[in-house]
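This briefing goes through one protein chain by topic. Please keep the sequence and the structure in view while reading.

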Amino acid sequence: MLFSVSFTAFVVGLTLLFRHQIIFLYTSDEEVSGHILAAFPFFLIMLCTNMNQIVVSGILRAMKYQTIALGFVFISAWVVMIPCSYTLGFVFDLGFTGVWIGVPIGNFVLLASFLMIVSTADWEKLAEEASKKELVHHQEVPTNNALLEM
């Protein structure tokens, strides 16, 4: 996790440093660039939460908790992110920036949910299950000696 946080800080730093060049890759229109720059801090927050959420998602996959994670993905996107983006962008008339504010909010909820699952997991039980599966797998796979005897 430390590597993930360090790498995220590095990527965010580079993105912040080269933000004008990155925006210029997509548009040279001054008005559009202004809207993107106004929303850029929220993009950077989203980048932080999203990059770390991907790492924790891999941990959940290794734990065989994909189904549980899927429920939280659904909730963070459809119950949190999209309604927040709509409300901030259109109801509170924050426009493009308001739509982008909802994205890191949804990603933060997802990351916090994933971290809660990982931190409350029964690691003893998970290790025991993994050991049992490895033992069964090891017994099913023939060794080199068994192959030579055939």
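**Overview**

The chain contains seven helices and zero strands. The model is predicted. Read from the N terminus, the order of the elements is α-α-α-α-α-α-α. Of the 150 residues in the chain, 29% count as buried.

**Contacts along the chain**

- Among contacts in the chain with a separation of 6 or more, 72% are between residues 24 or more positions apart.

**The largest pocket**

- The volume of the largest pocket is about 190 Å³.
- The residues that line the largest pocket are Thr15, Ile22, Ile23, Tyr26, Ile36, Ala39, Phe40, Phe43, Phe96 and Trp100.
- Three helices, α2 (19-26), α3 (30-62) and α5 (95-120), each give at least two residues to the lining of the largest pocket.
- Helix α3 provides the largest share of that lining, with four residues.
- Sorted by class, the lining of the largest pocket consists of nine nonpolar residues, one polar residue and no charged residues.
- Phe40, Phe43 and Trp100, which are among the lining residues of the largest pocket, are also linked into a cluster by ring pairs.

**The second largest pocket**

- The second largest pocket holds about 150 Å³ of space.
- Its lining is made up of Ala62, Met63, Lys64, Tyr65, Trp123, Leu126, Glu129, Ala130 and Lys133.
- Helix α6 (residues 123-140) supplies five residues, the largest share of the lining of the second largest pocket.
- By class, the lining of the second largest pocket has six nonpolar, no polar and three charged residues.

**Thr49 in helix α3**

- Thr49 is part of helix α3, the helix that also gives the largest share of the lining of the largest pocket.
- Thr49 has a relative accessibility of 7% and therefore counts as buried, since the cut-off for buried is under 20%.
- The side chain of Thr49 reaches the backbone oxygen of Met46 at a distance of 3.1 Å.
- With neighbours within four places in sequence left aside, Thr49 is in contact with Pro104, Asn107, Phe108 and Leu111.

**Aromatic pairs**

- The structure has four aromatic pairs.
- One of them joins Phe3 and Phe7: the ring centres are 6.0 Å apart and the planes lie at 15°, so this pair is stacked.
- Phe3 and Phe7 are four residues apart in helix α1 (residues 2-17), which means that about one helical turn separates them.
- Phe3, with a relative accessibility of 66%, counts as exposed, whereas Phe7, at 39%, counts as partly exposed.
- Tyr86 and Phe90 form a tilted aromatic pair, with 5.4 Å from centre to centre and 40° between the planes.
- Both Tyr86 and Phe90 belong to helix α4 (residues 66-91), where they sit four residues apart, about one turn of the helix.
- Phe90 counts as exposed because its relative accessibility is 55% and the cut-off for exposed is over 50%.

**Positive phi values in two loops**

- Where is Lys64 placed relative to α3 and α4? Lys64 lies in the loop between these two helices.
- Phi of Lys64 is near 65°, which is a positive value in a residue other than glycine.
- Lys64 counts as exposed, with a relative accessibility of 57%, and is one of the residues that line the second largest pocket.
- Asp93 is located in the loop between α4 and α5.
- Phi of Asp93 is near 55°, again a positive value in a residue other than glycine.
- The relative accessibility of Asp93 is 65%, so Asp93 counts as exposed.

Terms used. Residues are numbered from 1 along each chain as its sequence is written. This is a predicted model: local features need pLDDT of at least 70, side-chain atom pairs count only at pLDDT 80 or more; totals for chains, interfaces and linings use all residues. Side-chain values use heavy atoms; hydrogens and water are left out. On a 1 Å grid over the protein atoms alone, a cavity is a set of points where a 1.4 Å probe fits but cannot get out, and a pocket is an open set with protein on both sides within 12 Å along at least five of seven lines; lining residues have an atom within 4 Å of a point. Grid points are joined across faces, edges and corners, and a volume is the space filled by probe spheres set on the points. Ala, Val, Leu, Ile, Met, Phe, Trp, Tyr, Cys and Pro count as nonpolar, Asp, Glu, Lys and Arg as charged, and the others, Gly among them, as polar. Buried means under 20% relative accessible area, exposed over 50%, partly exposed in between (1.4 Å probe, protein chains only). A polar contact is a pair of N or O atoms within 3.5 Å; within protein, one must be able to donate a hydrogen and the other to accept it, and residues adjacent in sequence count only if both atoms are side-chain atoms. Contact means heavy atoms within 4.5 Å. Rings of Phe, Tyr and Trp (its six-membered ring) pair if their centres lie within 6.5 Å; planes under 30 degrees apart count as stacked, over 60 as edge-to-face and the rest as tilted.
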